[in-house]
Amino acid sequence: MLNIYFGEMPEAIYNTNVYFNNTYKDNWMINPLTKDMIKAVDNSDVIDEKTIMSPIFGNMSPKKLSGGVKTLILIAFDKEKIFNASTCGDNCAEWILKIAKERKVIINLHHLMDFGPEPFKAKILNTNKIIKNMAELVFEAGEFV
């Protein structure tokens, strides 16, 4: 289930870009979920553990991926940490929900992320309320963002 905390959260990893660049594991890159997220978010293809083919940059290191996809990969594989998902664009929201269907995910947000028109379930940790759609998320997040 997705759990969201809005605002300052000292235990959250704020700079996901630097954290990713110093902690990611090569085997994360060849996982099917990672490949799908990189294709969807960055429009790039994983060649192997150390090489991503970007239509803009050509062959590149995983360290050159966008901040959003780096954060998604961290959320998927570094299960002990909480990450600042405000480094993600709205194009990452569906992937956060997908990961959260498989296990408990806690993210920190400093903005109102658009999770789309479809119903979804999340717990707002600031209020301990369960929300089921964007309208409820907007209402709960109102005083925090």
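This is a predicted model: local features need pLDDT of at least 70, side-chain atom pairs count only at pLDDT 80 or more; totals for chains, interfaces and linings use all residues.
I began with β5 and β6, which pair in the parallel sense over 2 bridges, where two strands count as paired if DSSP finds at least two bridges between them. Strands here are DSSP runs of E with at least two residues, and helices are runs of H or I with at least four residues, both numbered from the N terminus. Looking for a residue pair, I found that the bridge partner of Phe-83 in β6 is Ile-107.

Residues are numbered from 1 along each chain as its sequence is written, and side-chain values use heavy atoms, with hydrogens and water left out.

Next I traced the open sheet of 5 strands, which has the order β5-β6-β1-β7-β8 and mixed pairing. Its edges are β5 (83-84) and β8 (129-131), each with a single partner strand, so one side of each is left without a neighbour in the sheet.

I then turned to strand β1 (residues 2-6) and asked how many of its 5 residues are buried. I found that 4 of the 5 are, so β1 is largely enclosed by the rest of the structure; buried means under 20% relative accessible area, exposed over 50%, and partly exposed in between, with a 1.4 Å probe and protein chains only. β1 pairs in the parallel sense with strand β6 (residues 105-109) over 5 bridges, and Leu-2 stands opposite Val-105 in β6. β1 also pairs in the parallel sense with strand β7 (residues 122-124), over 3 bridges, and there Ile-4 has Ile-124 as its bridge partner.

Looking at helix α5 (residues 93-102), I listed its buried residues, among them Trp-95, Ile-96 and Leu-97. The buried residues of α5 pack against β1, α3 (32-42), α4 (67-77) and β6, contact being heavy atoms within 4.5 Å.

I looked up the other open sheet as well, which has 3 strands in the order β2-β3-β4 with antiparallel pairing. At its edges stand β2 (45-48) and β4 (58-60), each with a single partner strand, so one side of each lacks a neighbour in the sheet. Strand β3 (residues 51-54) is joined to β4 by 3 bridges, and the bridge partner of Ser-54 in β4 is Gly-58.

Last, I checked Val-138, which is found in helix α6 (residues 134-141) and is partly exposed, with a relative accessible area of 40%.
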